[in-house]
Amino acid sequence: MSYQPAGTGTPTAVPVSLNDSENRLFSLDVLRGLAILGILVISIWEFGGFSLNEQTRLRLLHKGLDYSLFGHIIIFFEGKMKALFALVFGTGMMLYLTRPNQFTLPQTHEYYIRRQLWLMAFGIIAAFAILWPGDILFHLGVMGILLFPFARMSRKGLLIAALICTVIYCGKMFWNYADDKKALRKYSVSKKLEEKFKKDSTERHRKDSMAGMPVDSIKVRDSIGKKNDTLTRQQKEDKEKWEGITKRVKYDSTKASEKAEKEAMRSGYGKVWNHLLRRSQEKESVWFYKTGFWEFGSLIFLGMALFGFGYFNSSFSKNKYLLFGITGIVIGFLLGWWRLELVHDKIPDYEKYIKGHAIPPNQFFPIENIVMTFGYVSLVLWLIRINILKWLWKGLNAVGRMAFTNYFIQIIFCTCFFYGYGFGYFGRLSQREMYFLVIEIWLVQTVFSVLWLRFYHYGPVEWLWRWLIYAKRFPNKKKTV
Amino acid sequence: METIALNNPAPVAQADRVKTIDMIRGFALLGILLMNIPGFGINWDAWYNILKGPHNTKDYYTMTIIGSFFDGTMRGLFSMLFGAGMILFTQNKKELPDGPSVAEFYYRRLLWLVVFGMFNAYILLWFGDILYYYGFCGMVLFVFRKSNVKWLFALAFVCMLVTMFKNQQRWNEPRGQRIAYREAIQARKDSAKLTPEQQGAISSWEKMQSRNAQGPDTFFMNRNERTMRSNYATIFTYWVPKNTDSETNGLYHGWFWDGLTMMFLGMALYGLGFFSNRLSTSTYVMWLLIGYGVGIPIGYLAFQQGPVLQIADFNAYADRFRMTPDLIYDVRRGLISVGHACLLILIYRSKIVPWLMRALANVGQMAFTNYLMQSIICTWFFYGYGFGFYNKWQFHQLYYFVFGVWIFQLIVSSIWLKYFRFGPFEWLWRSLTYWKRQPMKR
């Protein structure tokens, strides 16, 4: 399907109702619902204070059921649900820009841009008012604007763009690792020098005392020796740089940083706000620039391309979906497994890891991510098509149609449940308890979405969003029922 | 102001309207080099050394003028015209029945601007690049292109408040340390037993004080100078983390708001017909007097009470200001920028130096080329892989060089535009935006 201008002519006023339910793709909403629920599997780590850093993985290493649960989640969920959300976002973006509606093309584009800007605004609220540093709405809003000029690209071009983003993302992993390697090399040089200095000075001392020199002159000689025997600023800097890197990775038996984190997160709103401010800002600036752009970019491009191929309209044969699904998931699983193995090597001793490995554990994470997500998409499309589990798809569809609302419900509930100004469960739940909670949230959200959509056209936040975009209140209540 | 506009209702020809805008843009573009040249040509410790004194040197006088009269104003004016230019771009283009919409061209154009900005920063190695963040600001402006003037002023004000808030937040930390220190000292005087926190407050402030007294770290300063005089690869790797920092933290915490404030202001002023020469002479005179008359004294005071006092006596500075003097930054530069524009339009109207105004308009018409050209000329002149004059000149001597670049750009732009329709980089930018080779020759 190529890009079709949505009709031109004299500008029309915003119509009374913009009920686009006929234009929605059922399967797309199912996937969106799946993504929004799935995201919680990973974000609960951060909400609940479960994974403060990689230490958790070390502590869980080889410990029966807990570890096996954790390992599976890392392989099957980490990054994939966010990726699925981004992919669906890319498809939705094309759907918005190309579906027939009452607007002229320029009007559609104007509303599209407003839509993205409001999305960014909602993201800022999520991050700085609801205090969710893991927010992705802001990023998706920005991506929607940045990738808007690519909407006219051919589907092949979009696929290539997705590939390029993935390759660059892999490259970044490698360069970061190379930086760490370089830091270690410089550290070793400084460290050796320091040891030599220490030896020299002990040696000197021994000689001096053997020669029976008076104490005063020993002191003088010592100070001269010391002057020549100190690291230069540059060498000191080199040494500290690596020490900083290992500090992040190393297992801290005193758990000092963990304690501090828990204390901060279990306090009042103001304190938590202050504590998370830098993290949220960092996520929206540095992380976005270095990682997020490529991570989201590759998946959004893929979503745009798949839209072009009519992938969500069942334009391929049934068997192809199954084939793509299984292939994607198997490859993703193998890559994920390998990554996990490498993580095991890395956490106990990063120095040793660097000496023994040419690549970092997450070297192929971007590929694992995109391939597995594609596999999920294909498998779900296949399952919908062979017409089983209908009730499940209906439920997920409802969740997906209210994805925006459900996202906000999730973060409001979780922040209130875990942070200190709410119930303060931060860092108090075990992994199993946490996932029990996740399943509860899933059930509640699904039931709520299905019920809500029986009476209303849109979820409350979706409705608000549309009000803001079109500067017009739409009636939301359904007449029949 | 509206009533005055009505007194002068004759519509101004499109060509004429664009001309004054180009002229002011050309002026701002040349002016930007005044602020950028120290970044290109001199080690940062120059600022510290000159501000510290003695205060009767040519360097200090130059710095006073630059710091109180020009600082931020040329960038401000340039941003204002960027906002105005956005409206011009979207107004001048007609929506075609088929083919891309204006919005699509607009966003393509900005995406390329971001790319050019990265090119300027990472490849031409100019760490003070503004194109990158102009691109991002522009992406926000689009939806406000039809907003009325009052809204635009309000938006400019809101963006300014964000900058103020961030500046104050940044200032609260040292200020808080100072207060804690003074309380601890008072407690010691009252011969009370000091808590560990109070002892910490004293020692951390004293540490900061001694750091301030020492001035810039010679280790870093020497390394900076050595690096800037070395080859391309070394400078490139040296700047990568710094460029990344300014394109992330810099954009997010500062430049974005810095740009938007002035861009919204520029859009509002454009809506009033300010840049397009549509107001009466008396209005321009009035705003010249207000802009300079209020802006310059504030600028001078802010310079004396700001950087000068900070270096002369940081304790006094920290004691004196509960609110950082930086809060006034945007107000001051907004006023002075408006003053600059009024002055130029008045000169234009008086027809004293029409040739100069024409030349400025030419520079403005090729603003994009000239901006990148400044990076190319200056990096090649000062950096090690070119002539390597980095940190070899005194501060005031840099401005002879600026003067030379100005003359060069005024002449070259005028000659170039005799034969070609666009500057070379404008041509490239256009061709990339429309994804088609554009005709260049006249």
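Axes here are lines fitted to C-alpha atoms, for helices over the stretch in contact, and angles run from 0 to 180 degrees between N-to-C directions. Helices (H or I, at least four residues) are DSSP runs, as are strands (E, at least two), and both are numbered from the N terminus. The crossing of α6(A) and α11(A) is right-handed; handedness is called left if the near helix is turned anticlockwise from the far one by less than a right angle, and right if clockwise.

This is a predicted model, in which local features need pLDDT of at least 70, side-chain atom pairs count only at pLDDT 80 or more, and totals for chains, interfaces and linings use all residues. Residues are numbered from 1 along each chain as its sequence is written, while chains are lettered from A and ligands numbered from 1 in the order in which they are written.

Which residues bring α6(A) and α11(A) together? From α6(A) come A:F138, A:H139, A:L140 and A:M143, and from α11(A) come A:E284, A:F288, A:G292, A:F296, A:G297 and A:I300. Contact means that the C-beta atoms of two residues, placed from the backbone, lie within 7 Å. Sorted by class, the α6(A) and α11(A) contact holds six nonpolar, three polar and one charged residues. For these classes, Ala, Val, Leu, Ile, Met, Phe, Trp, Tyr, Cys and Pro count as nonpolar, Asp, Glu, Lys and Arg as charged, and the others, Gly among them, as polar.

Staying in chain A, helix α1 (residues 26-48) packs with helix α4 (residues 80-98) at an angle of about 150 degrees. α1(A) and α4(A) are therefore roughly antiparallel to each other; angles under 35 degrees count as roughly parallel, over 145 as roughly antiparallel, 65 to 115 as roughly perpendicular and the rest as oblique. α1(A) passes α4(A) in a left-handed crossing. The α1(A) side of the contact includes A:L28, A:L31, A:I39 and A:I42, and these residues meet a set in α4(A) that includes A:M81, A:L84, A:F85 and A:V88. By class, this contact of α1(A) with α4(A) has twelve nonpolar, three polar and two charged residues.

Among the residues in contact are B:Y181 and B:I185 of α8(B), and B:W205 and B:M208 of α9(B). The contact of α8(B) with α9(B) divides into nine nonpolar, three polar and one charged residues.

Here are the pairs side by side:

| Helix pair | Angle | Axis distance |
|---|---|---|
| α1(A) and α4(A) | about 150 degrees | 8 Å |

**Domains and interface**

Chain A is divided into domain 1 (24-170 + 280-470) and domain 2 (182-261), with bounds that come from an automatic or database domain assignment. Taken over C-alpha atoms, the centres of domain 1 and domain 2 of chain A are separated by 47 Å.

Where the chains meet, the contact takes 20 residues from chain A and 21 residues from chain B. On the chain B side, α6 (102-123), α7 (131-141) and α11 (232-271) each supply at least two residues. α6(B) gives the most, with six residues. By class, this side of chain B has 13 nonpolar, three polar and five charged residues.

**Backbone details**

B:G53 and B:P54 are joined by a cis peptide bond with omega about 5 degrees, and B:P54 sits in the loop between α3 (45-52) and α4 (58-70) of chain B. In chain A, A:L131 has a positive phi near 65 degrees, in a residue other than glycine; A:L131 lies in the loop between α5 (105-128) and α6.

**Confidence**

The predictor gives the complex an ipTM of 0.91 and a pTM of 0.91. pLDDT is the predictor's confidence in each residue, from 0 to 100. Chain B has a mean pLDDT of 91, with 96% of its residues at 70 or more, and chain A averages 87, with 88% of the residues scoring at least 70. Within chain A, α6(A) has the highest mean, 97, and helix α2 (residues 55-60) the lowest, 62.
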